[in-house]
Amino acid sequence: MTNYPVRLLALLVVVVGTCGCGDPVARHVQTILAGGEGRDEARMELLFAKGEALRVLISALSDTTNPARGRADLVDILWKLHLRESDARIVPAMADRIADPAPEVRAAIAIALTDMQDVDVLPAL
């Protein structure tokens with residue numbers, strides 16, 4: 001019974017820590033998609049994110065229910081991540097979206113793929 005307060009405190013820390021945080025990458029992507037306040041900070045955080053960030057970014061780019069302006073911003077982030085990381089998932093993800101229904105997304109992808117100067121992306125353009 002003497003351990004009860006310690007156990008309760010430990011459980012409270014775990015519950016609050018798990019529920020209160022959420023996925024920071026997904027939160028930053030949502031901030032970018034929404035635009036407005038916090039966008040610049042979210043952009044910087046995403047540019048330094050690693051691991052699962054690409055999966056979330058690519059998924060958000062592919063989801064045409066997301067705002068087009070926000071998805072075009074994600075293209076810019078993916079392009080900059082490609083410059084830094086050269087992850088093999090980035091170019092195909094962009095090439096797959098070259099026929100996106102939103103003109104601003106298509107334009108952002110065309111510019112990014114052209115700026116990459118990678119001959120492998122020429123068929124997509």
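This is a predicted model: local features need pLDDT of at least 70, side-chain atom pairs count only at pLDDT 80 or more; totals for chains, interfaces and linings use all residues.

**Entry: Gly70.** Is Gly70 buried or exposed? Its relative accessible area is 2%. The cut-off for buried is under 20%. Gly70 is therefore buried. I then placed Gly70 in helix α5. Next I asked which residues touch Gly70, leaving aside its neighbours within four places in sequence. They are Ile32 and Leu33. I also checked the spacing to Leu33. Gly70 and Leu33 are 37 residues apart in sequence, yet their C-alpha atoms are 4.0 Å apart in space.

**Entry: α5 and α7.** I stayed with α5, residues 68-85, and turned to α7, residues 103-116. Their axes come within 8 Å. They cross at roughly 10°. Angles under 35 degrees count as roughly parallel, so α5 and α7 are roughly parallel to each other. I listed who makes the contact. From α5 come Ala68, Arg69, Arg71, Ala72, Val75, Trp79 and His82. From α7 come Glu104, Val105, Ala108, Ile109, Ala112, Asp115 and Met116. I sorted this contact by class: 9 residues are nonpolar, 1 is polar and 4 are charged.

**Entry: α2 and α4.** Here I looked at α2, residues 24-34, against α4, residues 53-62. The axes are 10 Å apart, and the packing angle is about 30°. The crossing of α2 past α4 is right-handed. On the α2 side I found Val25, Ala26, Val29 and Leu33. On the α4 side I found Ala53, Val56, Leu57 and Ala60. What classes do the residues of this contact fall into? I counted 8 nonpolar, no polar and no charged.

**Entry: how enclosed is α4?** I counted 7 buried residues among the 10 of α4, so this helix is largely enclosed by the rest of the structure. The buried ones are Ala53, Leu54, Val56, Leu57, Ile58, Ala60 and Leu61.

**Entry: the core.** I looked up the largest nonpolar core and found 34 residues in it. Val29, Leu57, Leu74, Ile77, Leu78 and Met94 have the most contacts inside it. The elements giving two or more residues are α2, α3, α4, α5, α6 and α7. Which element gives the most? My answer is α5, with 8 residues. Last, I followed Ile77. Leaving aside its neighbours within four places in sequence, Ile77 is in contact with Ile32, Arg43, Leu46, Leu47 and Leu57.

How values were computed
Residues are numbered from 1 along each chain as its sequence is written. Side-chain values use heavy atoms; hydrogens and water are left out. Axes are lines fitted to C-alpha atoms, for helices over the stretch in contact, and angles run from 0 to 180 degrees between N-to-C directions. Helices (H or I, at least four residues) and strands (E, at least two) are DSSP runs, numbered from the N terminus. Angles under 35 degrees count as roughly parallel, over 145 as roughly antiparallel, 65 to 115 as roughly perpendicular and the rest as oblique. Contact means heavy atoms within 4.5 Å. Ala, Val, Leu, Ile, Met, Phe, Trp, Tyr, Cys and Pro count as nonpolar, Asp, Glu, Lys and Arg as charged, and the others, Gly among them, as polar. A crossing is left-handed if the near helix is turned anticlockwise from the far one by less than a right angle, and right-handed if clockwise. Buried means under 20% relative accessible area, exposed over 50%, partly exposed in between (1.4 Å probe, protein chains only). A nonpolar core is a set of buried Ala, Val, Leu, Ile, Met, Phe, Trp, Tyr and Cys residues joined through side-chain atoms within 4.5 Å.
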